[in-house]
Amino acid sequence: MSTSELMSIPGIIDPVPVARNITPRADGRTDLIGLPRARLADLLSAEGLDARQAKLRAKQVFHWLYHRGVTDFEAMTDIAKPMRPWLTERFVIGRPHIVEAQHSRDGTRKWLLQTDDGHEFEMVFIPDADRGTLCVSSQVGCTLNCRFCHTGTMKLVRNLTPGEIVGQVMLARDALGEWPKGKMDFGDDASEAEYTADGRLLTNIVMMGMGEPLYNFDNVRDALRLVMDGDGLALSKRRITLSTSGVVPMMERCGEEIGVNLAVSLHAVSKEIRDEIVPLNRKYGIEELLEACADYPGASNARRITFEYVMLKDKNDSDADARELVRLIRQYKLPAKVNLIPFNPWPGAPYECSTPERVRRFSEIVFDGGISAPVRTPRGRDIDAACGQLKTAAEKKSRAERDREAAASAM
Ligand code: SAH
Ligand code: SF4
């Protein structure tokens, strides 16, 4: 694999080339995490197994990798003993490297992770009474520069690979000790291997960490397929939500090829304000976006589209804005719920959060319009784990360093 292969991403804002592939390993072995069954079989046959053997072994290895979470080929007890060192010589079972793990006072946990080629990204786990949600990143940084989002100010951007995306979920299961103990003899009936959410800490996944998942569609799809596979991580698509800032041309494929719940970062109801705070709106406007929502495959009253709306003081939080939001949702006949997100500030942010009274009033107006509009409680603020605060420590440090340098040179 080459590191120089570049991918141009769609969008007028910043068509930055993004390196697509992982760095080859110095020891010449191949990391299997992120690969589907067919690719595992290809690799095994390239190493000399005949087609039948390769297919059978790939199925076994797949189960151990993704359903049982083992990180050592020696643990694959139904694979013949001599075969295990043979696998170890050629392959590895990777995980993102943990740079730092933090615990918030409210139970939220944040991990600063690093790719093999040294890029840092973050994931967050948010425990609640009835569920536990893992907030997964799709990119290092983000090219979209929404004005209220700290991640959008990161300069360095790279798409995460399928292995780095599914690796986050696997790492969370490692940390929470939640791999199923299951037996191996369920034959072809993968349903027996299904992972039930009952009594588990990690029950839901949101693609709401760093990055725009629909700008990294193929890798996000391939990773989520491993997460949803009955013999993989076996998490139901109903428990997975993908959030997009509105990459309209990819929304239909998202519904068709991934099939997860959709959340849309709407944040404003007029062109003028949305152009300012979500610059992608200049390319895909509100009407186009809402039409794509109306056409989203799989959306229904039972599976509503979530509209995220960040509450910015005197910017998008008036009574008229709330009424317009209700009108738009009705006009496009959208099965919708609204999620009001109090703005989480960060150093140098150009906005303030709306007052609690304003947020409450806004929520009431939307509720009165017949649409559920709960206010999201910010979690993990003390460790900068709340929505839009994700930006890696390395970047923060370099900014602090830059500030110090600037101060020194001004003296
Ligand atoms: N790029 C995707 C998903 C990641 S952001 C998207 O934009 O939808 C997840 C959510 O957090 C989005 O709704 C985003 O708009 C919101 N968000 C970003 N910065 C925020 C901040 N400072 N305060 C509150 N919410 C924020
Ligand atoms: Fe990117 Fe989402 Fe942040 Fe916008 S809100 S800059 S799309 S991560």
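How much accessible surface does the protein chain have, and what percentage of it belongs to carbon and sulfur atoms? The accessible surface of the chain comes to about 18,200 Å², and carbon and sulfur atoms account for 50% of it. The model is a predicted one. The chain holds 411 residues, of which 54% are buried, and its secondary structure consists of 11 helices and 15 strands. Among contacts with a separation of 6 or more, 67% are between residues 24 or more positions apart.

**Ligand 1**

- Ligand 1 is surrounded by 21 residues, and the closest of them are Phe148, Gly211, Ser243, Ser265 and His267.
- The shell around ligand 1 is made up of 10 nonpolar, 9 polar and 2 charged residues.
- His267 places a polar side-chain atom 2.6 Å from an oxygen atom of ligand 1.
- From Gly211, a backbone N or O atom lies 2.9 Å from a nitrogen atom of ligand 1.
- In the side chain of Glu308, an N or O atom is 3.1 Å from an oxygen atom of ligand 1.
- On its own, ligand 1 has 530 Å² of accessible area, and the protein covers 96% of this.

**Ligand 2**

- The residues around ligand 2 are Cys142, Leu144, Asn145, Cys146, Cys149, Gly152, Gly211 and Ser245.
- By class, the shell around ligand 2 comprises 4 nonpolar and 4 polar residues, with no charged ones.
- Gly211 is listed both among the residues closest to ligand 1 and among those around ligand 2.

**Helix H3**

- Helix H3 spans residues 83–90, and Met83, Arg84 and Leu87 are buried in it.
- Viewed down the axis of H3, the buried residues fall within an arc of 100°, so they line one face of the helix.
- An α-helix has 3.6 residues a turn, so residues three or four places apart point the same way.
- The cover over the buried residues of H3 includes helix H1 (37–46), helix H2 (51–67) and strand S4 (91–92).

**Helix H8**

- In helix H8 (residues 286–294), the buried residues are Ile286, Leu289, Leu290, Ala292 and Cys293.
- Around the axis of H8 these residues cover an arc of only 155°, which puts them on the same side of the helix.
- The packing partners of the buried residues of H8 are helix H6 (248–258), strand S13 (261–265), helix H7 (271–277), S14 and helix H9 (319–331).

**Gln168, a buried polar residue**

- Gln168 belongs to helix H4 (residues 162–176).
- With a relative accessible area of 0%, Gln168 is buried, because the cut-off for burial is under 20%.
- Leaving aside residues up to four places away in sequence, Gln168 touches Pro96, Leu113, Phe121, Glu122, Met123, Leu134, Val136, Ser137 and Leu160.

- Asp106 sits in the loop between strand S5 (97–103) and strand S6 (109–114).
- The relative accessible area of Asp106 is 33%, so this residue counts as partly exposed.
- The side chains of Asp106 and Ser104 are joined by a polar contact of 2.9 Å.
- A polar atom of the Asp106 side chain also lies 2.9 Å from the backbone nitrogen of Gly380.
- Not counting residues up to four places away in sequence, Asp106 touches Pro378, Arg379 and Gly380.
- Asp106 and Ile126 are 20 residues apart along the chain, and their C-alpha atoms are separated by 8.9 Å.

- Lys333 is not a glycine, yet its phi is positive, at about 50°.
- Lys333 is located in the loop between H9 and S15.
- With a relative accessible area of 72%, Lys333 is exposed.
- Asp384, also a residue other than glycine, has a positive phi near 55°.
- Asp384 is in the loop between helix H10 (356–368) and helix H11 (393–410).
- Asp384 counts as partly exposed, at 30% relative accessibility.

Notes:
Residues are numbered from 1 along each chain as its sequence is written. Chains are lettered from A and ligands numbered from 1 in the order in which they are written. This is a predicted model: local features need pLDDT of at least 70, side-chain atom pairs count only at pLDDT 80 or more; totals for chains, interfaces and linings use all residues. Side-chain values use heavy atoms; hydrogens and water are left out. A residue is near a molecule or strand if one of its heavy atoms lies within 4 Å of it. A polar contact is a pair of N or O atoms within 3.5 Å; within protein, one must be able to donate a hydrogen and the other to accept it, and residues adjacent in sequence count only if both atoms are side-chain atoms. Accessible areas come from the Shrake-Rupley method with a 1.4 Å probe; for residues, only the protein chains shown count as cover. Ala, Val, Leu, Ile, Met, Phe, Trp, Tyr, Cys and Pro count as nonpolar, Asp, Glu, Lys and Arg as charged, and the others, Gly among them, as polar. Buried means under 20% relative accessible area, exposed over 50%, partly exposed in between (1.4 Å probe, protein chains only). Helices (H or I, at least four residues) and strands (E, at least two) are DSSP runs, numbered from the N terminus. The arc is that of the directions from the helix axis to the C-beta atoms. Contact means heavy atoms within 4.5 Å.
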